[in-house]
Amino acid sequence: MDYKKSKAPKNTLTRDMNQLTEKVGNVYETVAIIGKRANQISTALKKELDAKLQDFSVPQDSIDETYENREQIEISRSYERLPKATLMATQELIDDQLVYTGSSKDEALK
């Protein structure tokens, strides 16, 4: 998924928990689902950023010399401007783009 095209807001918004829990039915499961998806998104973004920044790394014997590359700084800034992973995960849940399976404990109790 292209996270740069995410419709998630860049600022934190207050959400109606009743609206969020309608799809899952339980507040705690909703939070757990959003949390797991946020971890997946942040891991994917970190891997993508590391891969892009790996192109700029130059093995050096001298630690004292530090080179600043404009392209590297711009790439880092573009990832800093993205919405937080939790906001992306919440927006995916609201837009019905998130696929999850129910817990087997609840079904066993019925």
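Student: What percentage of the accessible surface of the protein chain belongs to carbon and sulfur atoms?
Tutor: The accessible surface of the protein chain, computed by the Shrake-Rupley method with a 1.4 Å probe and, for residues, with only the protein chains shown as cover, is about 8800 Å². The model is predicted, so local features need pLDDT of at least 70 and side-chain atom pairs count only at pLDDT 80 or more, while totals for chains, interfaces and linings use all residues. Residues are numbered from 1 along each chain as its sequence is written, and side-chain values use heavy atoms, with hydrogens and water left out. The share that belongs to carbon and sulfur atoms is 50%.

Student: What pattern does the protein chain follow along the sequence?
Tutor: The secondary structure consists of 5 helices and 0 strands; these are DSSP runs numbered from the N terminus, helices being H or I with at least four residues and strands E with at least two. Read along the sequence, the pattern is therefore α-α-α-α-α.

Student: What percentage of the residues of the protein chain count as buried?
Tutor: A residue is buried under 20% relative accessible area, exposed over 50% and partly exposed in between (1.4 Å probe, protein chains only). Of the 110 residues, the buried ones make up 24%.

Student: For contacts in the protein chain with a separation of 6 or more, what percentage comes from residues 24 or more positions apart?
Tutor: A contact requires heavy atoms within 4.5 Å. Among contacts with a separation of 6 or more, residues 24 or more positions apart account for 75%.

Student: How many of the residues of H4 are buried?
Tutor: The buried residues of H4 include Ala85, Leu87, Met88 and Leu93. What covers the buried residues includes H1 and H2. H4 is largely enclosed by the rest of the structure because its buried residues number 8 of 10.

Student: Which residues does Gln91 touch, not counting residues up to four places away in sequence?
Tutor: Gln91 lies in helix H4 and is buried at 14% relative accessibility. Its C-alpha atom is separated by 5.6 Å from that of Ala8, 83 residues apart along the chain. Not counting residues up to four places away, Gln91 touches Lys7, Ala8, Pro9 and Arg15.

Student: Which residue meets Glu92 in a salt bridge?
Tutor: A salt bridge places a side-chain nitrogen of Lys or Arg within 4 Å of a carboxyl oxygen of Asp or Glu, and the count by this rule is 4. The side chains meet at 2.7 Å, N to O. The pair links helix H4 to helix H2, 55 residues apart, and the partner of Glu92 is Arg37.

Student: How many residues apart in sequence are the parts that Asp96 and Lys23 tie together?
Tutor: The closest N and O atoms of this salt bridge are 3.1 Å apart. Asp96 is exposed at 58%, whereas Lys23 is partly exposed at 37%. Asp96 lies in the loop between helix H4 (85–94) and helix H5 (104–109), and Lys23 in the loop between helix H1 (17–21) and helix H2 (27–54), so the separation in sequence is 73 residues.

Student: By about how much of a helical turn are Arg77 and Glu74 separated?
Tutor: These side chains form a salt bridge with the closest N and O atoms 3.8 Å apart. In an α-helix there are 3.6 residues a turn, so residues three or four places apart point the same way. Because Arg77 and Glu74 are 3 residues apart in helix H3 (residues 70–80), their separation is about one helical turn.
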